[in-house]
Amino acid sequence: MSKSDEVFVGAIDQGTSSSRFLIFDVKGQIVASHQCEYQNHYAKAGWVEKDPIEILDSVETTVAGACRRFNSLGYNASQIKSVGITNQRETTVAFDSVTGLPLTNAIIWNDVRTKDLVHRLIDEAGSASRFATINGLPITTYFSAVKMRWMLENVPEVKAAREQGTLRFGTIDTWLIYKLTGTYVTDVTNASRTMLMDIKEFKWSAECLEFFDIKESELPEIRSSAEVYGTITEGRLEGIPIAGCLGDQQAAMVGQSCFEAGEAKNTYGTGCFMLFNTGSEPIFSKNGLLTTVGYKLGPNAEPKYALEGSVAVAGSAIQWLRDKIGLIFSASEIGFLADSVEDNGGVYFVTAFSGLFAPYWRDDARGCIVGLTQYATRGHIARATLESVCYQTQAILDAMRKDSGTELRRLRVDGGMTNSEQAMQIQADILGIEVVRPEMRETTALGAALAAGLGVGIWKDEAELRQIAQSNVSAFWSRITDEKRTEMLAGWDKAVKRSLDWA
């Protein structure tokens, strides 16, 4: 086959702190990519926001960069047969349908400005879990509906657009697809993170819409995760269809080929997210987990559901040590620093910068470092930072065992922190099960590309996707005793209690 006959799929990976565009061949290998990092805005304590235009610009920059690299290899953009999108979930954009411009900054998923509103809504609902059997989610600051409600109550431009009938809300996938193709849609995985979708019917819930005071006309059409949504209207990818869309954690689930009930993956990015495939029926958690749509790979495909546990702060804690505290000069340094000590020296770091997510759900928690003595060094604090993510992952895994009745024997991992051998060894030590890391680390982007390829017929079914997604792996096993693990977990539980009731 000549170069001109080869077929490729693109993936837009729009994350919390960067955007990327990656081009994959039909074997799932990356041929070209480009990344554009950016900073979010922190106007007040607990606020995290970003101009949606800047997000769009960062995506267009990465597309241009990757395509230049692609062209330099002797390929043409016309060989890219479809594009998939994977995105930071829950982040909410309000824009005007006439001008196409945002009405205010996007509220990022980990923003907690809605805390007081959430408590008011819980009082009105009678329980944080009032709608959980409909949407699978508790009422918290995390999800999109409360961000929409906050905008309606606090942003004059949003109120005015509602009065004029031009208000449109969307998560980042919706914003990008709308600006790139003109189509106003979302997929089932992103819709399932708004608190507004009935996860059994895949429709906007009238009951939830009424409670949160959102109009259905202000929301996009819900589609599957693998179908043609529209064609890109301009730029280097003009004429190419967008045919795949998954929230970032669900995309990683597809990229890790977690297609069977009982399979689980954990992604270590800005935050940390574990998804456990529960099959074709949702399991509603009794242990602080979220029930979410895993994926629906085609309009007529059977949906798959997942239990999810989320850690608000993972890689962002390492960034904090680097950028705000100056403990390290580069993110890669933390693993070697953590490895310079035998254990945490009794130091625990609860990274509750914006509260604790699953299974604690405490928005009054704040970050704290406890157990400090004169014995403690930079190495102990570095190790405690990595351990914090691993302890919270262990708490989520315990909740999943209780909800599903299944003992997980293996955890598939991906994301930036998995590049650290030390972090993954700590994770295996704390979990006491096998931790498996794929050679292909870009599983989130790969999942979006697989959905996009499936959406235009490059691949036929999940069996083909599994063959592409599977690759060489590294396995980590626990090196500590059960007694040591129990001791470490007891210390973590004490530290978590110290972090509560601050806000």
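User: Which ring has the charged end of Arg113 over it, 3.8 Å from its centre?
Analyst: Heads-up: this is a predicted model, where local features need pLDDT of at least 70, side-chain atom pairs count only at pLDDT 80 or more, and totals for chains, interfaces and linings use all residues. Residues are numbered from 1 along each chain as its sequence is written, and side-chain values use heavy atoms, with hydrogens and water left out. A charge sits over a ring if NZ of Lys or CZ of Arg is within 6 Å of the ring centre and within 35 degrees of the ring normal. The charged end of Arg113 sits over the ring of Trp150, 4.7 Å from its centre, and at 3.8 Å it sits over the ring of Trp47.

User: How many residues apart in sequence are the parts that Trp109 and Phe273 tie together?
Analyst: Rings of Phe, Tyr and Trp (its six-membered ring) pair if their centres lie within 6.5 Å, and planes under 30 degrees apart count as stacked, over 60 as edge-to-face and the rest as tilted. Trp109 and Phe273 make an edge-to-face pair, 5.7 Å centre to centre with 70 degrees between the planes. Helices (H or I, at least four residues) and strands (E, at least two) are DSSP runs numbered from the N terminus. Trp109 lies in the loop between β7 and α2 while Phe273 is in strand β16, so the two parts tied together are apart in sequence by 164 residues.

User: Is Tyr142 buried or exposed?
Analyst: Tyr142 pairs with Trp361 in a tilted arrangement, 6.4 Å centre to centre and 35 degrees between the planes. Buried means under 20% relative accessible area, exposed over 50%, partly exposed in between (1.4 Å probe, protein chains only). Trp361, at 22%, counts as partly exposed. Tyr142 has 1% relative accessibility, so it counts as buried.

User: What is the volume of the largest cavity?
Analyst: On a 1 Å grid over the protein atoms alone, a cavity is a set of points where a 1.4 Å probe fits but cannot get out, and lining residues have an atom within 4 Å of a point. Grid points are joined across faces, edges and corners, and a volume is the space filled by probe spheres set on the points. The whole structure has one cavity of 30 Å³ or more. The largest cavity comes to about 60 Å³.

User: Which element gives the most to the lining of the largest cavity?
Analyst: Residues lining the largest cavity include Met148, Phe169 and Trp204. β8 and α7 each supply at least two lining residues. With three residues, the top contributor is β8.

Definitions and conventions. On a 1 Å grid over the protein atoms alone, a cavity is a set of points where a 1.4 Å probe fits but cannot get out, and a pocket is an open set with protein on both sides within 12 Å along at least five of seven lines; lining residues have an atom within 4 Å of a point.
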